[in-house]
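Me: Please go through the helix packing and the salt bridges of this model, with the cut-offs stated.

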Amino acid sequence: MSNPVQRPVHVSGYRVIDGRADSGRPQDGTDAPRTLLSGLFGGGGVRTSRAFLSEAFRANGLLFGDEAGGGADGDGGPGPRMRMDEVLKRCAATVATLRSVGHVYDSVLINMEGVYDEEGARLRDEVELTVTLVEKKWYSAYVGGGVKATAGGPFSPGAGPGGFSSGAAAAGDPAALLPTAQFEARGTLTNLTGAGDVHAAEYTVDAHGDVAASVRRTVPIIVEDLVGSPVAFVSCGAVKETADHSALRSYREHGSSLYASISNHPHPNAHLDPRPYASLGWRGATRDVVPARHPTLPHACAASPHVVAHAGPSAKHSLSAEFRTNGAYLDDHRAPTDGADATGRLELSGPPGDCCCVRAEGGGAVHLPLGGTAAAAALHLSLAGGVARPLRAGGTPVHLSDRFLPGGPLQLRGFA
């Protein structure tokens, strides 16, 4: 008797089921491509389009519809005959492809079922696939704000009996009487068009009144293989922000940029996705360095000559490549005691723009357990560094905005 899993079969098509506990409704039929409006107001059920699912099947060698000589998007026309164990193998690969779009699905399951004729008899050499999807919530939103007492103003820490501690408020500056407001709003729409896309926006006003805003769109593209991932993520967006270096370096920098990138998964941070990350990117930016003003001389700056020399607007155009192991080789990416981690980034800046330089930076960490058990002490070693150089000898010096400025959380403090 031959092994049943080695029997050749046709895969006639597939159907999609919403696996949520409150649904379970089949989502059969070929749906039209979703638009942004239909994604917002298209109702419940599975949001993933059949076109996206068919692309995942095709990338793993399972053909339906027109490519197999039948209807569209898996609704008809059996594919080429293949052994049943090969069908199961390709279904498992398709599940891995869909699960790599982890921001969309909580779970993905593909079952193989029999096909019956009009009289109820099972067709021996024909099977159908059932795709059960449990999708995550397709939207998220956060809005928050608060009021912070101005340093030296009323109700501020250290305020004296008169309601003021010192500084501008005590000197009679009316602006110091007012508290400062902080505001933050961000939102994300996931799988809006049914293709695993992400639309995100963020708007922040900090205690100094500086505004930061960003918008981003990320679209997954199913490929054969990209740095260990079956899906590449293409992102584009815009950012407007202000970097405040006035406390240590006596200047502020206002920046706006457009960017595009392709990566093997959408999360460069280990706490979001502990898998190796690699990306290629482009960025076009404008920067404006504003030195601190002298408190008594209206036309003088309270900053070093080096900072004043780079004051004013500048433009930058750059290409970059980046990788992070993201804790994939650590026993615990949050509190490691064993393993190694590494990161690296190379950026090339040139025309059109005012900056012509190359920047390279990288680092690594090694964690060695002492005593041979997880509960024992561990030795942690880390090293990080970078270099920035003009593209040609005697060229324009590296701009202040592109130089390395040590300091920050979990780092040794430093000054420019």
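Me: In which hand, left-handed or right-handed, does α2 pass α3?
Reply: This is a predicted model, in which local features need pLDDT of at least 70, side-chain atom pairs count only at pLDDT 80 or more, and totals for chains, interfaces and linings use all residues. Residues are numbered from 1 along each chain as its sequence is written, and side-chain values use heavy atoms, with hydrogens and water left out. A crossing is left-handed if the near helix is turned anticlockwise from the far one by less than a right angle, and right-handed if clockwise. For α2 passing α3, the crossing is right-handed.

Me: Which residues of α2 and α3 make the contact?
Reply: Helices (H or I, at least four residues) and strands (E, at least two) are DSSP runs, numbered from the N terminus. Contact means heavy atoms within 4.5 Å. On α2 these are F52, L53, A56 and F57, and on α3 they are T94, T97 and L98.

Me: At roughly what angle do the axes of helix α2 and helix α3 cross?
Reply: Axes are lines fitted to C-alpha atoms, for helices over the stretch in contact, and angles run from 0 to 180 degrees between N-to-C directions. Angles under 35 degrees count as roughly parallel, over 145 as roughly antiparallel, 65 to 115 as roughly perpendicular and the rest as oblique. α2 and α3 are therefore oblique to each other. The axes of α2 (residues 50-59) and α3 (residues 84-99) come within 9 Å, and the crossing angle is roughly 130°.

Me: How many salt bridges does a search of the whole structure find?
Reply: A salt bridge is a side-chain nitrogen of Lys or Arg within 4 Å of a carboxyl oxygen of Asp or Glu. A search of the whole structure with this criterion gives 15.

Me: How many residues apart in sequence are the parts that R252 and D210 tie together?
Reply: The side chains of R252 and D210 form a salt bridge at 2.3 Å, N to O. R252 is in strand β10 (residues 251-263) and D210 in the loop between β7 (198-205) and β8 (211-226), so the parts joined are apart in sequence by 42 residues.

Me: Is E347 buried or exposed?
Reply: E347 meets K316 in a salt bridge of 3.2 Å, N to O. Buried means under 20% relative accessible area, exposed over 50%, and partly exposed in between (1.4 Å probe, protein chains only). At 5% relative accessibility, E347 is buried.

Me: Which residues are linked in a network of salt bridges?
Reply: K316 lies in strand β12 (residues 312-324) and E347 in strand β13 (residues 339-349), so this pair ties together parts 31 residues apart in sequence. The network that links them consists of R287, K316, R345, E347, R359, E361 and D402.
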